[in-house]
Amino acid sequence: MKQVFKRPRSLKDVSFHFCPGCHHGTIHRLVAEAIDYYDLRERTIGVAGVGCSVFVYEYFDIDVAEAPHGRAPAVATGLKRALPDRIVFTYQGDGDLASIGMSEIVHTANRGENLTVIFVNNTVYGMTGGQMAPTTLLGQPTTTSPYGRDFLQNGYPIRMAEMIATLEGTSFCARVALNTPANLMKAKKTVRRAFEMQMNNMGFSFVELLASCPTNWGMNPLKANERVEKELIPYFPLGTFKERKGTDHQ
Amino acid sequence: MYHEIIMSGVGGQGIMVIGSLLAQAAFMENLNVTYTPIYGVEKRGGHADCTVVISSEEIGSPIVDSPQSCIIMSRPSLGKYGPRVKPGGFLLLNSSFVDPLEVRRKDLDILSVPALEIAQTLGNDRLSNMVIIGAFVEKTRVVSLDTLAAALSQIFEEHYHHLLPANAAAISKGAEYARNSFHQ
Amino acid sequence: MGKIIINRERCKACAFCASVCPKKLIFFSQEVNSQGFYPVEIRTEDECTGCALCAETCPDVAIEVWR
Amino acid sequence: MEKRLFLRGNHALAIGAIKAGCRFYFGYPITPQNDIPEFFSKQMVKVEGCFIQAESEVASINMILGASAAGARAMTSSSSPGLSLMQEGLSYLAGSELPAVVVNINRSGPGLGGISASQGDYFQATRGGGHGDYRTLVLAPSSVQEMHDLTLLAFDLADKYRNPVIILADAVLGQIQETMVDRPYQPLELPPKDWILAGASGRDPRLIKSLYLKEGEMERHNWKLFEKYQRMKREDVRHENYLEEEAELIIVSFGTAARVAKSAIRLARAEGLKVGLFRPITLFPFPEKALFDLSQRVKRFLTIEMNTGQMVEDVKLSVARDADVHFYGHAPGSPPAPEELLNALKKVY
C-alpha cells in the first residue's frame, strides 16, 4: 500500500491550539500543502496577523514575521520588495484584515504587490472571545452585539473578496469554504492557484476562506459546518471574482 | 568676518534666488555660510524672507533677529525688518517699491536702488532681484562680484543656463549703480 | 483496500471525519486522550477504501491514509 | 576624498542614508519634511532601491518592519503627527529587535499643531513613545553636517543594537543650506545579521516576533532589552561642549535651539559673561554622566528648549544635587533669536 495522505512537510509535527472543529487547522494544512506542492518551503516567508492567526509560526516550518494588528500586508510589502524572489504570504483573520487593517489590505492590493493573502473569515473575533467582526452577519449575536448585529447600529457585513476584486491591482481573488468535502477540494485548488500566481509574478492574489468558529458561535462543529452552508455562503457567495490571465496590467 | 543678512519681499520677486546665490558665492569662496528660507503659507504672493549668514568662523544661529544688513523689496518688509537692523547697519531698498523717505532711522547706511527701472533698461522686469544683489555685493563686499556671477551657473538648473548672461549683466548693472550712488 | 492511522492524541473529537466517511466506519472511543477528548477510532479496517475524506476534513491533521 | 558641499539639511540627510546603504524608503507626505520623500522618489531608482509612497504612516513603519526583517537597511521620515501614528510600529520594531531609522522633522503640536519648528516631541522620542517598556536611540543633529553624519551613524547604531534609531530634527535644520564636508563612509564594525528572514533554506526556520506568552519569557525579554539600553549608555553617548571652560553658567540645549544658543553665548561673552554650552547629541542615551561631571564645578544651568519644558527633566536628574537648573522655553512659532536667549540667560546669570 502507498501512503495517499500525510501531514505536509511545511507543517511542524505539533498539535494545533485551535478549538475542536475550528477551520484554522484545515486552512493551515491547505496552505502548507500548496507550499509543499510547489516545493517552496525553503523560500517562503509567512506574515502572521493578530488574533487566532498569530500562531502560524508555531505550526509552519518556515520563516515567519509577526505583524502588528492589521498591518500584515504592509509588513509583507516590505519583505517582498526586499526579497522579490521569495514567496511571501500573509495569514489574517476578519478583524485583522477587514477592520483595523482595511487600509493596508486595500492599498497593498491596489499596488498589485506580488504576494498572497490568506483571509480567514469566520464572522467573529475568535481569540479575544467572540466579539463582533466587520463580517458578522446581520442578526448574528456576538459578545458585543448581544441582540444580534443590527445594521442601524453597526452597518452591514463587508464582502471583502468582492471589494478586493474591484481593485485594478488585484490579479487573483476568490472566496471558498471548507464545510464540505467538495468545497474543501475547491479550496485546496484555489489556495494553490493563489501561490501559483505569485510564483509567476502575476501580482496580488487573495483568497477568502469562509471558516467556522464553533466555540464562539456556540454550536458543535457539525452544526457550525451547517451554518456555513445555510447562513454564510448565501451572503458570502463562493467563486473566483477575478483572475488575470497574463500580465495585462502592465 | 561674521555677516548676517535678511532679505525680504513678496513671493515671486526672486528673494530666495538671490539669497541662495549669495550663499552659493560665499560657499565658493570657502567661507562658512547658512541660508535659511522662510516661506509664507502660500508659495507665491505671500511673504518671502530669507536669512544668510556668512562667516569665516563657525556659524551659530542660522536664525537672526538683528542683522547687519537688510535687503528690502516691499513696503511690508520695511515695516517688519527696518527697525531690526543693527545700529550702524546697512539697509538696501528696492526704491521701485519702497519709498526711502519712509525710513525713520538715522543710524543706518542706506542705499536705494530703483531695481525695476534698471531691469527695464535690460529689457526684463524679472531681473530686478539680480540688480539688487549686484548692488548689495558691490556695497558690502561680503563676496567678490566675480564669484557672485560665477555662482549663477550653480543655482540655475541647466535648462535655464541660456539666461545666465542676462542675469550676469543685471548684477553688473546693479553694482555699477551702487558704485555711482551717493549714500544718504 | 485502504488503511487509516488516527493519531488519537491529536484528535479533538470534532466528528468531521465520522460525518463524511462513506462507509460510516469511524466512531468515538470510550477512553479519553491526554487532551481530554474522546478520540475517534476506526471500527474495522476491512471495509476502508482509503478514500481519505476523513483526513481531508480533519482540522487537526490527525489522520494518515494508505491505499 | 573629502568634498565640500553646499546643500540643505534634508538633502544632506537623504544623501547620508543612501551612502549608508539604505535602499528602502517608505513614507507618507507631511509638511515640513516633504523634500525627503521627494528626494528619495527621484534617487532610489538610480541606486536600484525602492521608494514607496505608503497609504499612511502606519503602513510606512510596517513596510520598514518587513524590509528590516529581510535584512535590508530601511528608513522613513515624517513629522510629529505622523510619528504619533508610527508609535505602534516603533514599539513592535523595538520588541522584535529590528533595526530601523526614523526621522522626525519635529513640527509643533499637540494635535494638528502647526508647521513651525519645535522640540515638542522630546518626550515622545526619548521615552519610547509607544506602548511597553522600551527605548529608541535618539540623535539630535544641530547642523547640516550632522544631518548627514548622524544619519550614517543612525544606520550603524540601528544595526549594532537591532533597535530603531530616531533622528530628531526640525524644519530649520531641514531647510537651511550650509556647508558640509562629504567624507567617505566608514561603517562601525557590526555583528553579522544572523537573524534575518529569507526562507528556511539549509537552516531551521526563523521567527521575528514580539509576542511572548510562555512563563517567564516576557520578563526575560524585557531585561534583555534593558541590558541593551544600558549598553547604549556605556558605549554610545554623545555630546558637545562649547566654551564651557571657566563658565559660570552652562546652557543645556540641543538641535536648533543649541545653534541659536551658541550665538547668544557669543554675545554674552562679548559682554564679559562667562557662559558655556552643553549640547546633548544623543537624547537617548542622555549624556547624564558628562553633565554630572560638569555640575561638580559649575553650579548654574539654564536649559533652553523650543517647548515648555521636557529635556529639563533629564537635566535635573543628571546634575549634582547642589546645582541649580533653570529653564527657558521658547514655545513654537518662529525659532528664538540669539538676542532673546541672551536676555533669558542674563536673568539667571
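View 1. Strands (E, at least two residues) and helices (H or I, at least four) are DSSP runs, numbered from the N terminus. As a rule, side chains in a regular strand alternate between the two faces of the sheet. β11(D) runs antiparallel to strand β13 (residues 275–280) of chain D, joined to it by 4 bridges; strands count as paired if DSSP finds at least two bridges between them. Look for E240(D), which sits opposite R279(D) of β13(D).

A quick note on reading these views: this is a predicted model, where local features need pLDDT of at least 70 and side-chain atom pairs count only at pLDDT 80 or more, while totals for chains, interfaces and linings use all residues. Residues are numbered from 1 along each chain as its sequence is written, chains are lettered from A and ligands numbered from 1 in the order in which they are written, and side-chain values use heavy atoms, leaving out hydrogens and water.

**View 2. Strand β2 of chain A is tucked inside.** 5 of the 5 residues of β2(A) (residues 44–48) are buried, so this strand is largely enclosed by the rest of the structure. T44(A), G46(A) and A48(A) point one way, I45(A) and V47(A) the other way, and all are buried. β2(A) has parallel neighbours: 5 bridges join it to β4(A) (residues 87–93), and 4 bridges join it to β3(A) (residues 63–66). Opposite A48(A) you'll find Y91(A) in β4(A), and I45(A) is bridged to D63(A) in β3(A).

**View 3. Chain A meets chain D.** Among the 3 pairs of chains that touch, A and D have the most contacts. Contact means heavy atoms within 4.5 Å, and here 33 residues of chain A meet 36 residues of chain D. Together they bury about 2,500 Å², with 60% of it on carbon and sulfur atoms; buried area is the accessible area (1.4 Å probe) that two parts lose on being put together, summed over both. There are 4 salt bridges across this interface, each a side-chain nitrogen of Lys or Arg within 4 Å of a carboxyl oxygen of Asp or Glu. One to find is R111(A) with E55(D), whose closest N and O atoms are 2.9 Å apart. On the side of chain A that touches chain D, α3(A) (72–82) gives the largest share, 7 residues.

**View 4. A strand pairing crosses from chain A to chain D.** β3(A) runs parallel to β10(D) (residues 207–208), with 2 bridges joining them. V64(A) has L207(D) as its bridge partner.

**View 5. Chain B meets chain D.** This contact takes 22 residues from chain B and 20 from chain D. About 1,800 Å² is buried, 55% of it from carbon and sulfur atoms. In chain B, F27(B), E58(B) and I63(B) lose the most area to chain D, together 31% of what that side buries. The interface has 1 salt bridge: E58(B) pairs with K262(D), their closest N and O atoms 2.7 Å apart.

Technical notes. Buried < 20%, exposed > 50% of the residue type's maximum accessible area, 1.4 Å probe, protein only.
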